[in-house]
Amino acid sequence: MQINLAVVKGDGIGPEIVTEGEKVLNKIGEMYGHTFTYTDILAGGAAIDKTGVPLPDESLEIAKKSDSVLLGAVGGPKWDNLPGNIRPEKALLGLRGGLGLFANIRPAKLYDALADACPLKPEIAGDGIDLVIVRELTGGIYFGDRGERNGKTFDELAYSREEIERIGRVGFEMAMKRRKKVTSVDKANILETSRLWRSVMHELAKEYPEVEYSDMLVDNCAMQIVRNPAQFDVIVTENMFGDILSDEASMTTGSIGMLPSSSLGSTSLGMYEPIHGSAPDIAGQNKANPIATILSCAMMLRDSFGLMKEAECIENAVAKVLDDGYRTGDIMDEGGKLLGTTQMGDKIVEYLKK
Ligand code: IPM
Ligand code: MG
């Protein structure tokens, strides 16, 4: 297969981790007969520095023509004091909105080898953590109207039935391929949008009788994730709740440095990125954990291109490297063998086996 990727190396540790992702993809290409080409596009802080805007039109155009987008991380303190419309984060929203990527998939899985890095007590984590958050990504409060009215500042939260239904469906379909359990998270005791959310989800649930369905209020969910994470399989929720809960869920797996994500729309073009940020404090020091990016590449192969064997090959290599005690600083434990970013990438490449 010939696969053309648009690549946002981004800011902070972004370029370092993306390099490792490309390294792994290139090796997979060699092993399985695929060719990957990479077109770097400017987005985020780097784009602001060069062009004055977080997402130049040209970047979005190239992304639209690509087969998928690989993204490192954007943002950093350097751009913190700019006005809201030229913040680096705007690039992410622009790419998500511009590419129609309405479904954000964020799996949180605790690797056996990292059980010690999990901040939860063993009796809580012991039942296993293997959940996925399906977050609505192009609607809700992040895309609503904002401004000032009658002496108050406001951010509008609005959802249409269609927006809820299409993300709900992604959640149910995902559950069908997993443990057949959907928890829909809302704040229906307060929010009108959540009441619509709940009613649409209930209608959908009828189409998936095999799926065990339940509703949960978002505050309760935040508590349940640390009280009993094993109860969750697929969590489906709106944009802001998903943003918050996915950071929380990620930490239960030991390090936010481990978790990949995909953003999908109605075509095979997706955007793949680690869920962590640009970690400016360790940028350029060969300290960042490239695993989340490498696992994002695996997600890409599976979700956008249907390359199951290749995706598994990467995931197996990562698990094996961890089993053999190789660690980056963020997941270092007693007896662990500390590797830098490049060395971790090399190690994973070395462990890729057909
Ligand atoms: C994320 C990030 C972004 C979001 C920010 C940087 C816009 O927190 O991908 O979770 O809130 O979606
Ligand atoms: Mg977030």
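Predicted model: local features only at pLDDT ≥ 70, side-chain atom pairs only at ≥ 80, totals over all residues.
**Close-up views of ligand 1**

View 1. A polar side-chain atom of Asp243 lies 2.8 Å from an oxygen atom of ligand 1, a polar contact being a pair of N or O atoms within 3.5 Å. For Arg106 the corresponding distance to a ligand oxygen atom is 2.8 Å, and for Arg135 it is 2.8 Å. The protein covers 75% of the 320 Å² of accessible area that ligand 1 has on its own (Shrake-Rupley method, 1.4 Å probe).

**View 2. The shell around ligand 1.** Glu89, Leu92, Arg96, Arg106, Arg135, Tyr142 and Asp243 surround the ligand, each with a heavy atom within 4 Å of it. Helix H4 (residues 89-98) gives the most to this shell, with three residues; helices are DSSP runs (H or I) of at least four residues, numbered from the N terminus.

Local features need pLDDT of at least 70, and side-chain atom pairs count only at pLDDT 80 or more. Side-chain values use heavy atoms, without hydrogens and water, and residues are numbered from 1 along each chain.

Definitions and conventions:
Chains lettered and ligands numbered in written order. Polar contact = N/O pair within 3.5 Å; in protein donor to acceptor, adjacent residues only side chain to side chain. Helix = DSSP H or I, 4+ residues; strand = E, 2+ residues; numbered from the N terminus.
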